[in-house]
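Have a look at the sequence and the fold, then read on.

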Amino acid sequence: MREIAEDVFGLRCDQVLFIDDVARVAEAPRTLRAAFIGHPSSYEHSFQEQLMREAGVRYLVRSLDEVDESLLRTLEAAGGLMWQDSSLAAHT
């Protein structure tokens, strides 16, 4: 993810937003202090939402349409508060 941000786009990690449906993918942005939005599968036997919450993902969306200007402004304002302590539940 660092390569994507820095080498491909020439941005610092704190200037990018990653969106993915796999909780394990959230680990890299968390380490890099990059923004991340989880978009877990709605498949009834999927554990991605639970795993994202356990990983400290603060922002989850059900649809990519939910990633709007309001959410982006919220993320921008969150800055260093992008990630929750993994012992806490994530907000949706």
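Is Glu6 buried, partly exposed or exposed? Glu6 counts as partly exposed, at 34% relative accessibility. In these terms, buried is under 20% relative accessible area, exposed is over 50%, and partly exposed is in between, using a 1.4 Å probe and protein chains only.

Before going further, a word on the ground rules. This is a predicted model, so local features need pLDDT of at least 70 and side-chain atom pairs count only at pLDDT 80 or more, while totals for chains, interfaces and linings use all residues. Residues are numbered from 1 along each chain as its sequence is written, and side-chain values use heavy atoms, leaving out hydrogens and water.

## Salt bridges

Glu6 has a partner: its side chain meets that of Arg2 in a salt bridge, at 3.5 Å from N to O. The term means a side-chain nitrogen of Lys or Arg within 4 Å of a carboxyl oxygen of Asp or Glu, and by that rule the count is six. Arg2 and Glu6 both sit in helix H1 (residues 2-8), four residues apart, or about one turn of the helix. Helices here are DSSP runs of H or I with at least four residues, strands are runs of E with at least two, and both are numbered from the N terminus. Arg2 is partly exposed too, with a relative accessible area of 44%.

Now hop along to helix H3 (residues 48-55), where Glu49 and Arg53 are four residues apart, about one helical turn. Their side chains form a salt bridge at 2.8 Å, N to O. Glu49 is partly exposed at 23% relative accessibility, and Arg53 is partly exposed with a relative accessible area of 23%. Glu49 also meets Arg62 in a salt bridge, at 2.9 Å, N to O. Arg62 lies in the loop between H3 and helix H4 (69-78) and Glu49 in helix H3, so this pair ties together parts that are 13 residues apart in sequence. With shared partners, Glu49, Arg53 and Arg62 end up in one network of salt bridges.

Strand S1 (residues 17-20) pairs with S2 in the parallel sense, over four bridges; to count as paired, two strands need at least two DSSP bridges between them. Asp20 stands opposite Gly38 in S2. To get from S1 to S2, the chain passes through helix H2 (residues 27-32), and this β-α-β crossover is right-handed. That label means that, with the strands pointing away from the viewer, the path from the first strand over the helix to the second runs clockwise.

Which way do the residues of S2 (residues 35-38) point? Ala35 and Ile37 go one way, Phe36 and Gly38 go the other, and all are buried. In a regular strand, side chains alternate between the two faces of the sheet.

Arg33 is found in the loop between H2 and S2. Arg33 has a positive phi of about 60°, although it is not a glycine. At 48% relative accessibility, Arg33 counts as partly exposed.
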